[in-house]
Amino acid sequence: MTKIPLQFRHNGRNVAIFVDGGTNLLVALRELIGDMTPKFGCGQGGCGTCSVLVDGELHLSCLTLAETVAGRSVETLDGMKQGPNLHPLQRAFADNFAAQCGYCTPGMLMAAKALLDRNPAPSRTDVIEAISGNICRCTGYEPIINAILAAAGGRASA
Amino acid sequence: MAVTVKTFASASDAAGALSSDRSARYLGGGTLVMRALNEGDVSISTVVRTQDQALTRIDASGPRVTLGAGVTFARVLADRELAFLHAPARSIGGPAVRNMGTVGGNLFAPNPYGDFTVALLALDATVAVAGGFGSRDIPIEEFLQGRERQAGTLVLSVSCTRPASSEAFRYRKIARIKPKGGSVITLAAHLPVSGGRVAGARIALGSMAPTQIRARAAERALEGRSLDAATIAAAASAATEGTLPSDNALGSAWYRREIVGVHLRRLLSGQE
């Protein structure tokens, strides 16, 4: 089986890899690029922990055929921190105890970023809707919702 | 297992490749085909895709609305002209699934999915497909009845007539989790009214049979009548006729038969 050459932007950096036919973006990111931040959860589109941004839009990397991102921009959690500093969303997650086992956290943060990039002042309902495709089995969601609202403007108690 | 991916510039070339290879599947948004590949579905050895812009076109300016098969639910939700389709589009997945999943793919989504198709069935949509011998239009009901045989056809677009008013088209999805989740049952009703009486009612049900089906007995109970309590009760009591629900993790066949009349009554009486 011939490998397919694939180039795209990964967290602002150009990358070039060779993928097998049918390889999904999650496998390409983790096994070929070495970005371990997107996680494999269900492989079915049900859990959201593999969420990444493709051209700024929230996508499930496990259901994305890798070669469909050719020439496009892919953002993962690995690109979220700014140098040594955590992104405000990451800081808010830490401050609000929004991560427990941590497995859903990469997807939650990307879903939250997709929301705040488009809507910097979301309502609680907007936040709930934005993370509705992401499953967390530890926190009961409330700390996550509060963290996202806090990152959006200190409304954690809203 | 690695598969061969074939990408075509035009939809007609993709349709040709699809119809000539029984182990080929068309890749739209990926939420069905990539899932099958992730699960190790060895019946798929070729994935066909196209970058044809025609498949992502929305024509919603007139009374007849056409959605390219590759239009995502996020795009449906972003289009004010498509307000009548916002409830079914919003009921699907989370934001990521709505950014990926397409109108055309939803026609193939098995239970407990395929909610958008329930709406399209109630709206008497037409499905434009391209086979090996050119394109043709198929009524959605006929398309769904033969869905098992449609894997080799490429859906180009779906079209339907815009309902006359927001009252004339109603949609309701019952799920265990809000705001997302697989369907326990899904209902859609198109209720054109002429002179105070229902004329040409279409009621569609999801998760009440192997594919989305019409509730014909309930439609007959409404036909030519005003939507009063007695008519609605008659339609609700006929809701299970012709249905063949099955058990799954979200609900049993028995439960689905028990609730379908209740939710049809609420839908028809405009209750939340």
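Start in chain B: select E1(B) and strand E3, residues 46-50, which pair in the parallel sense over five bridges. Strands here are DSSP runs of E with at least two residues, helices are runs of H or I with at least four, and both are numbered from the N terminus. Two strands count as a pair if DSSP finds at least two bridges between them. Now click on Phe8(B): its bridge partner in E3(B) is Thr50(B).

A quick word on what's on your screen. This is a predicted model, so local features need pLDDT of at least 70 and side-chain atom pairs count only at pLDDT 80 or more, while totals for chains, interfaces and linings use all residues. Residues are numbered from 1 along each chain as its sequence is written, and chains are lettered from A and ligands numbered from 1 in the order in which they are written.

Next, show the whole sheet of chain B. Three strands form an open sheet in the order E1-E3-E2, with parallel pairing. At the edges, pairing on one side only, are strand E1 (4-8) and strand E2 (24-26) of chain B.

Touching means a contact, with C-beta atoms, placed from the backbone, within 7 Å. Angles run from 0 to 180 degrees between N-to-C directions, along lines fitted to C-alpha atoms (for helices, over the stretch in contact).

Hop over to chain A. Five strands form an open sheet there, in the order E2-E1-E5-E3-E4, and the pairing is mixed. Its edge strands are E2 (13-19) and E4 (57-60) of chain A. From one strand to the next, the twist averages 40°.

Zoom in on strand E3 (51-54) and strand E5 (73-75) of chain A, an antiparallel pair with two bridges. Val54(A) stands opposite Val74(A) in E5(A). Then select helix H3 of chain A, residues 105-118: this one packs on the sheet, touching E3 and E4 of chain A, at about 35° to the direction of E3(A).

Last stop: helix H5 of chain A, residues 142-153. How many of the 12 residues of H5(A) are buried? The count is 10, so H5(A) is mostly covered (buried means 20 or more other C-beta atoms, placed from the backbone, within 10 Å of a residue's own). Among them are Pro143(A), Ile148(A) and Leu149(A). The buried residues of H5(A) pack against helix H2 (88-95), H3 and helix H4 (124-130) of chain A.

Key
Two residues are in contact if their C-beta atoms, placed from the backbone, lie within 7 Å.
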